[in-house]
Amino acid sequence: MWRVLIAALVAGGSAGPARALSPEAYRLNEAAVAEVRRGNHEAALELLVRASALDPDEAAIRSNLARVRTALGHRLAHVGRWQEAEVHYRAALDVDAREAAAWLGLGELQLRQRDPRDAVEAFRRAVELNPEDGEARLGLGQAYYNLGHLSAALSEWERAAALRPDDAALRERMARVRRETEIQSAYRAKESQHFAVVYEGGRPTDAGPELVRLLEQAYLDVGYVLGAYPSA
């Protein structure tokens, strides 16, 4: 899913800032665009950081800076350097919160790091910015699925399938989840702060609260021994 949006960067930056307060900022921005065309993203980043310091309110410079940060994040994520990639994605969003590709990359990282709750938020932001992006809806559906929210996952995947009519793997995944939904309809679910429990219902006494109580107690006991309390 990692996508390097170099064409968008060049298109967005080739005209340069319309009314840069600093001629030097304009020059640095144009030099950065040229470095991107050569594939030198690190050099472009350095130039854009300097340009932004000179003219922090110029939208074109901020947009280009966010796009270069995002491209570097994609590159690092592609080779498994996830923490460094996250730094670039978050820096891109600090510069321009409307950089949809950075939200998309951040959501992918959070899925890989088994943090579906934060992944839902990241993909949701990407979808809000670009509702016709099938990749964002695909990721949002996966995040919902990882949380056990099958109906929400199916809803997003159906939208993604409409945007990706030739994606046979997606349609097969949707068929499997529909079967899972039918099976789970006979089960009960109970959620706590850190756990989601699905269990067979029908007993006179609902076992769900006791199950999650035992799990939460185990979470506290193990966390105390290890000195770590994962968020989910």
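Select Arg114, which sits in the loop between helix 6 and helix 7 (116-129). Keep in mind that this is a predicted model. Is Arg114 buried or exposed? Its relative accessibility is 70%, so Arg114 counts as exposed. Now check the backbone: Arg114 isn't a glycine, yet its phi is positive, at about 60°. That's worth a look because most residues other than glycine have a negative phi.

## Stop two: a helix pair

Next, select residues 59-78 (helix 4) and residues 100-112 (helix 6). Their axes run 9 Å apart, and the two pack at an angle of about 25°. Angles under 35 degrees count as roughly parallel, so that's the label for helix 4 and helix 6. The crossing of helix 4 past helix 6 is left-handed.

Which residues make the contact? Show side chains for Thr70, His74 and Ala77 on helix 4, then Ala101, Ala102, Gly105 and Leu109 on helix 6. Colour this contact by residue class and you'll get four nonpolar, three polar and no charged residues.

## Stop three: a serine on helix 9

Finish by jumping to Ser155, in helix 9 (residues 150-163). With 27% relative accessibility, Ser155 counts as partly exposed. Bring up Arg159 too: its side chain and that of Ser155 make a polar contact at 2.6 Å.

Key:
Residues are numbered from 1 along each chain as its sequence is written. This is a predicted model: local features need pLDDT of at least 70, side-chain atom pairs count only at pLDDT 80 or more; totals for chains, interfaces and linings use all residues. Side-chain values use heavy atoms; hydrogens and water are left out. Axes are lines fitted to C-alpha atoms, for helices over the stretch in contact, and angles run from 0 to 180 degrees between N-to-C directions. Helices (H or I, at least four residues) and strands (E, at least two) are DSSP runs, numbered from the N terminus. Angles under 35 degrees count as roughly parallel, over 145 as roughly antiparallel, 65 to 115 as roughly perpendicular and the rest as oblique. A crossing is left-handed if the near helix is turned anticlockwise from the far one by less than a right angle, and right-handed if clockwise. Contact means heavy atoms within 4.5 Å. Ala, Val, Leu, Ile, Met, Phe, Trp, Tyr, Cys and Pro count as nonpolar, Asp, Glu, Lys and Arg as charged, and the others, Gly among them, as polar. Buried means under 20% relative accessible area, exposed over 50%, partly exposed in between (1.4 Å probe, protein chains only). A polar contact is a pair of N or O atoms within 3.5 Å; within protein, one must be able to donate a hydrogen and the other to accept it, and residues adjacent in sequence count only if both atoms are side-chain atoms.
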